[in-house]
Amino acid sequence: MSAETDVKPDQGSLGQAMHRLVTELYPICRSITGNGLRETLRIVSRTIPLQLHEVPSGTRVLDWTVPKEWNIRDAWVKNSGGERVVDFQAHNLHVMNYSVPVRAKMSLGELKPHLYSLPEHPDWIPYRTSYYKEDWAFGLSHNQLLALEEDSYDVCIDASLADGSLTYGECLLAGETTDEVLISTHACHPSLANDNLSGIAVAAFLAQALSQLPRRYSYRFLFIPATIGSIAWLALNPDAAARVKHGLVLAGVGDAGCTTYKRSRRGNAEIDRAVEQVLKHSGARYQIEEFSPYGYDERQYCSPGFNLAVGCLSRTPFSRYPQYHTSADDLELVRAESLADSYTKCLQIFEVLERNRRYINLNPKGEPQLGKRGLYDSVGGRSDAKSFQLAMLWLLNLSDGGSDLLDIALRAGLPFGVVREAADALVRAGLFALARPVTE
Amino acid sequence: MSAETDVKPDQGSLGQAMHRLVTELYPICRSITGNGLRETLRIVSRTIPLQLHEVPSGTRVLDWTVPKEWNIRDAWVKNSGGERVVDFQAHNLHVMNYSVPVRAKMSLGELKPHLYSLPEHPDWIPYRTSYYKEDWAFGLSHNQLLALEEDSYDVCIDASLADGSLTYGECLLAGETTDEVLISTHACHPSLANDNLSGIAVAAFLAQALSQLPRRYSYRFLFIPATIGSIAWLALNPDAAARVKHGLVLAGVGDAGCTTYKRSRRGNAEIDRAVEQVLKHSGARYQIEEFSPYGYDERQYCSPGFNLAVGCLSRTPFSRYPQYHTSADDLELVRAESLADSYTKCLQIFEVLERNRRYINLNPKGEPQLGKRGLYDSVGGRSDAKSFQLAMLWLLNLSDGGSDLLDIALRAGLPFGVVREAADALVRAGLFALARPVTE
Amino acid sequence: MSAETDVKPDQGSLGQAMHRLVTELYPICRSITGNGLRETLRIVSRTIPLQLHEVPSGTRVLDWTVPKEWNIRDAWVKNSGGERVVDFQAHNLHVMNYSVPVRAKMSLGELKPHLYSLPEHPDWIPYRTSYYKEDWAFGLSHNQLLALEEDSYDVCIDASLADGSLTYGECLLAGETTDEVLISTHACHPSLANDNLSGIAVAAFLAQALSQLPRRYSYRFLFIPATIGSIAWLALNPDAAARVKHGLVLAGVGDAGCTTYKRSRRGNAEIDRAVEQVLKHSGARYQIEEFSPYGYDERQYCSPGFNLAVGCLSRTPFSRYPQYHTSADDLELVRAESLADSYTKCLQIFEVLERNRRYINLNPKGEPQLGKRGLYDSVGGRSDAKSFQLAMLWLLNLSDGGSDLLDIALRAGLPFGVVREAADALVRAGLFALARPVTE
């Protein structure tokens, strides 16, 4: 199987394979620490070589401290008849993530302050967390809540919150240079399919594909708990952080919405222009949004002390679809074809980054005679200019050291591939030279 | 009565109080010099401490010379029956402002070159002036003009044009710093209510309110005759002019139109951004226009040799409402609620200027852990980000020394007050420090 | 006859005179070399003094080599009945330009690879060239092609391709300074009226008009074969190229479409602003397009090694009208009034360039008192500001050394002529001084 077929396999089967991974991971109760997270990373490591790191509870990371490790075995609210009216086994969103252990009998009135629901979506269970304040609660559908009668309830959260460690997974694919492309996805959400698992699946399959391709850049994939994970990584890996030239946070890449890209804090970094170029020529609807400091782990990568060129790729942005952070973010919300499409766009983005170069036109006075080099139609007078020839003219005109291929493709409105091929032809014809050596 | 209640009194009563001042000033025949102007300033000085300056006729001020002082007692055109067919006592717009004295008998044919009217508004008297060329004329409604028959007319303008002085009023409210905010309004128009008196009333009440509030800046209020007044002030007060950091010309702030702001010549000065921020979050329609060198006294403040950061605030811009410079610019055109709204917006603008600062994020690597400082919800997962938390995230992300609170509020699309409160919270938490000392 | 009447003659008769020149030149079979080109330039030289240059075949010019000279006397395809079914005498587009000589008998099947037509316009003959690859072919209407029967055809192209020279015409009108305005038009197309002859006619009449006017700039008119001609000129005249401060390529300036301007590669050069200013105030529709490296000889002038401030003026841009490069680009497509309008707009553009200057306001503090200098209405209060007075205010406000008259006219939205007259008035009043001497 050649590298070529790895890059562009049948999208149908690829999407289905990613959806199968999402399906396998879906039931696990993940959190920002604990065995659910470890099991998830171990399953991912069947697809790609993943190094698991453990950061002990109490470790100072930037302004934060790694919290105690949380593990949960079971949880329920039983009525006086012994029936589980709220049951962690039925859905792990029934327990507020990081709930402290509890075992008590209480009236409905005592219980209610520990229950939360979504009146506007009465069949859905909301997702809540309390990582940094010790508390406990149960989530349930609003219909479930309304059905609760006055009774004596047996309440149990069989969990532990104790010193342990925070786990994250890392896969580094070394390239010709030590300049890095960072792909980061959070892996800390329990049974939420689009917000979490879609990013894990696409990132894993991207790493698998890239591992078989020649790479100018090194690629670092991070599967981390949100916020504390990226903060821990940044704190513990300052040298690697300094090598990041481009980066993408992947999150919510499996729903049916169009692709959305949120620019890096820099706003017009190479990654921002590369994504814009790919989306512009994708033939599909897309939206590009300005940076804002609210969202996923780009918040940390783009904090002013790092200011990395990291944007965020998603489909419908977080919180703008009703199923977000509820039990309705399930296996039906995530579609195989959306996963495959997100995957393909990412590979195209990496291709642009890999191939983007700055060239110098060695013959800047007048156009060189392309025809004698076999690069131009010998019959003149036709009114249709071919895009390959247009690309050469744009390249010759703008390659004075100030613009790279991506700049030129964006200005010319041409696909990057055509511009790159035209640049290759000009190099072969001796008309173009790389402005800088490949390895800096 | 606390400062707080001074700033935001009941808008209804405040608007009515300003309208009463407009009503009191309306009958006076003002001009760029003379007793009408002095009387106006004396009435204003009942509301605020106003220093009256007299600049003698003949004084050279920049490229100009202070003209002779003009005073008028009476004026009429009587028909042969002794009836006043044009009567200064009925409306002071009946005489061209700065008309030289005249006492003559003449035919209608001899009189007509000295009459002007508005055919398109046959019931309105137009406003005309001839400050710098000695001439005389009567304004009258077009219907009045049409009704004049061949007759021998007795024409009288009982006025004097003689050496005297130009008067202007000044109110300086010293602040913590000698940096100044300049508020300038013209006070030279006779019975015109919106174009003149509305600005006087709002400026007077703003000075009264600010006098009772703590002030970082010093505030200088000028009540001056248009053009020659600002030129005289600039000529005679170069040191004060150099201290002006921000300024507003107030004119036409009482009609029912939406608020209009004309930017300073600098275009993006702090005053320009402050006004834009306030109008954007006002919930009301508004328009912002680019600087042009035609208009009110911003023409002088923004001349290239001064180039002060002074914009112009009005409602419907001058000359774009039909009543402009006619007897229809009367007490009904000016509305109490518009005066109150203009006043409130100005106070909000000053508040932004007072509170705008540049901070440094002392913890620029990653987000600081806001939760442990009580600044962030402990329960995660909700999809609604509160504007206070958003404001903190924007502040932390952008406070690297390059942006002030106003820049951040504009970029984040958040009200200034929320951003300022969030900055205060970050200062209290030890996460933020002022980028520069309060007093420069 | 005064210079004034030369500049603005009756547009009707002028347009007709240009159309007569187009009509006279139309039948000649031009190419990038040869006697058709020479004859064309000789006819143009009856209107203006034109220096003809001959560049020998084989001369290296930048990356190119001047080709052999091509001349054609006759060409036909005769059927077995001796009838000319394709006849160069009927239309010179019937032969592919630069076809090598051929004399042969052949079947329809053998002939067909050498025939081209336009199925979508079955009555039109397409225009084709093969300058740099030796080949031969006949163009014919699609209906002609369909009517050809199996037969033995007598095929003849009585042409020569041999060492000779490339001819171009040059007319330099010296001005007060050696800074140059370049006007370049291609002269190499055979019977195509808009794409070629319209530019020749307008350029010739512009040169005639300018020759009789005072000129600050020197004007250089080039009548050249496309691409190879501008490349030869640039190669052989580096000093003149360095003196070009502004330039226009004229092409396709005679059809009924609105005026289109394609910006120079610099994008905001003085020529770009001058054309925008003229078109904006022309009262007619127009379009302005960004630079692209595909088009006419601006491709060469704007190559990065020269980067001259040369834009391209046309009406409907090349290839966007169906008649482009076909026999339907004929004498009816070109209209006298469009030629006259293009001519007039060019003269207005030159007028802007000639008159554009940078002034310094000598009285920058406050407005100077224009009234005492007779430059301002003595009667105030009117709401209509005249454009001349507005122009003075804009000039006074912006002439601090950073803006020239063109900048100010564009910002003020006023016609250039009004701004220039206002500047002259300010100079006469002693308020303005030229920022730089006329001759640099």
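This is a predicted model: local features need pLDDT of at least 70, side-chain atom pairs count only at pLDDT 80 or more; totals for chains, interfaces and linings use all residues.
Residues are numbered from 1 along each chain as its sequence is written, and chains are lettered from A and ligands numbered from 1 in the order in which they are written. Local features need pLDDT of at least 70, side-chain atom pairs count only at pLDDT 80 or more, totals for chains, interfaces and linings use all residues, and side-chain values use heavy atoms, with hydrogens and water left out.

**Symmetry.** Chain B superposes on chain C by a rotation of 120° with 0.2 Å of shift along its axis, at an RMSD of 0.1 Å. The two copies are thus related as by a three-fold rotation axis. Asn268(B) has the C-alpha of chain B nearest the axis, 13 Å from it.

**Chains B and A.** The table gives the totals for this contact.

| Item, chain B with chain A | Value |
|---|---|
| Residues from chain B | 26 residues |
| Residues from chain A | 27 residues |
| Buried area | about 2300 Å² |
| Salt bridges | four salt bridges |
| Polar contacts (both at pLDDT 80 or more) | 13 residue pairs |

Contact means heavy atoms within 4.5 Å. Buried area is the accessible area (1.4 Å probe) that two parts lose on being put together, summed over both. A salt bridge puts a side-chain nitrogen of Lys or Arg within 4 Å of a carboxyl oxygen of Asp or Glu. A polar contact is a pair of N or O atoms within 3.5 Å; within protein, one must be able to donate a hydrogen and the other to accept it, and residues adjacent in sequence count only if both atoms are side-chain atoms.

Carbon and sulfur atoms give 50% of the buried area. Glu367(B), Gln369(B) and Asn397(B) supply 26% of what chain B buries against chain A, more than any other three residues. Lys372(B) pairs with Asp63(A) in a salt bridge, with the closest N and O atoms 3.8 Å apart. Helix 12 (residues 387–398) of chain B gives the most to its side, with six residues.

**Val253(B).** This residue lies in the loop between strand 13 (244–250) and strand 14 (259–262) of chain B. Val253(B) counts as buried, at 1% relative accessibility. Its C-alpha is 4.7 Å from that of Ser314(B), 61 residues apart along the chain. Residues touched by Val253(B) include Asn194(B), Val202(B), Leu313(B) and Leu339(B). Helices (H or I, at least four residues) and strands (E, at least two) are DSSP runs, numbered from the N terminus.

Notes: Buried means under 20% relative accessible area, exposed over 50%, partly exposed in between (1.4 Å probe, protein chains only). Copies are superposed by least squares on the C-alpha atoms of residues with pLDDT of at least 70 in both. Lists of a residue's contacts leave out its neighbours within four places in sequence.
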